[in-house]
Each structure stands twice: as C-alpha cells, then as structure tokens.
Amino acid sequence: MAVPRLVLDTNVVLSALLFRAGALSWLRPEWQEGRVLPLVSRDTVEELIRALSYPKFRLAPGEQEDLLTEYFPWCEAVRVVEPPSVPECRDPADRPFLELAVVGKADALVSGDVDLLDLASVFPIPILDPASLRAGLARGA
C-alpha cells in the first residue's frame, strides 16, 4: 500500500512536535517511521518557522532548529509555482495549505482548524481532523 501523502497544517505539526505526551504525539512516529509522508511548500515552511518563534512557546533558536530537524527530513518539498484554483476560505493564511494539497497531489489535508474543516464538502481532497486520520491509519485506509 502506498504511503499517504499528507498536508499537515501548522497547528497539527506544532502539537506533534511540542507536546511529546499530548493528543498528537502519536503523529511524529508516523512520519519518522515512513508511514505517512508530509508535504511542505515554501509558504507552509515559513509559517511553521514563524510559529515556532512565538513568545508563548519560549523556544530558543537552537530549540526551534532541533524541532525542525525532527520534521523536515521526513517531508517532501513541493514547489507551488502557479497557485491552483481553490475554494475561498475565511482565513487567507489557510490558502497555502489548500494549494499545496492540490499541487502536491495529497491524499488528505489534516487540520483541526474549523475554517479548513468547513471546506471539506467543497474541496476535492479529503480534509480530515487528526482523530479521523488516526482512525483511517489504524484501519489501513
């Protein structure tokens, strides 16, 4: 069976990286052991790097870099040269994730963001919350 190609929104990645005993801690071994393939683009990488520097996380630059080394080596970089047509979303910051999903031929976009989840009925690629992804992986779907 092919490894699922996933677009993980920034909050999903942050939760998996920052909270080792948190609700999404199961996701890190999924990408590090090759059971899922996260897709990233220039815009999604920039957002993740920016988010890791938020004062609320209190991460020194070296700690931020360490966390990135626990994610980026397992990702596939996708160039979004010509942004595709995607549904309008309430939050313009979500658009790069939709574009990446289309250009990267993702099997799913994974998010806990209500603005993205609300687009599930009009987006051609499944938009799943993390719990649905986990259940699907457990079923081998």
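In this predicted model, start with strand β1, residues 5–8, which pairs with strand β2, residues 37–40. The two run in the parallel sense, joined over two bridges. Look at L6: its bridge partner in β2 is P38.

β1 also pairs with strand β4, residues 108–110. This pairing is parallel too, over three bridges. Here L8 has V110 of β4 as its bridge partner.

Now turn to the nonpolar residues. In soluble globular proteins, nonpolar side chains tend to be buried together. The largest nonpolar core in this model has 24 residues. Which of them touch the most other members? They are L6, L8, L27, W31, L48, L52 and Y71. Several elements give two or more residues to this core: β1, α1 (10–18), α2 (27–32), α3 (42–52), α4 (61–69) and β4. The most come from α1, which gives five residues.

Go back to L52. Set aside its neighbours within four places in sequence, and L52 is in contact with L14, L18, F57, L59, Q64, L67 and L68.

Next, see how two helices meet. Two packed helices are described by the angle between their axes and the distance between the axes. For α3 and α4, the angle is about 140° and the axes are 10 Å apart. Angles over 145 degrees would count as roughly antiparallel, so α3 is oblique to α4. The crossing of α3 past α4 is right-handed. On the α3 side, L48, I49 and L52 make the contact. On the α4 side, Q64, L67 and L68 do.

Methods:
Residues numbered from 1 in each chain as written. Predicted model: local features only at pLDDT ≥ 70, side-chain atom pairs only at ≥ 80, totals over all residues. Heavy atoms only, no water. Pairing = 2+ DSSP bridges. Helix = DSSP H or I, 4+ residues; strand = E, 2+ residues; numbered from the N terminus. Core = buried A, V, L, I, M, F, W, Y, C linked by side-chain atoms within 4.5 Å. Buried < 20%, exposed > 50% of the residue type's maximum accessible area, 1.4 Å probe, protein only. Contact = heavy atoms within 4.5 Å. Axes fitted to C-alpha atoms, helices over the stretch in contact; angles between N-to-C directions. Parallel < 35°, antiparallel > 145°, perpendicular 65-115°, else oblique. Left-handed = near helix turned anticlockwise from the far one by under 90°.
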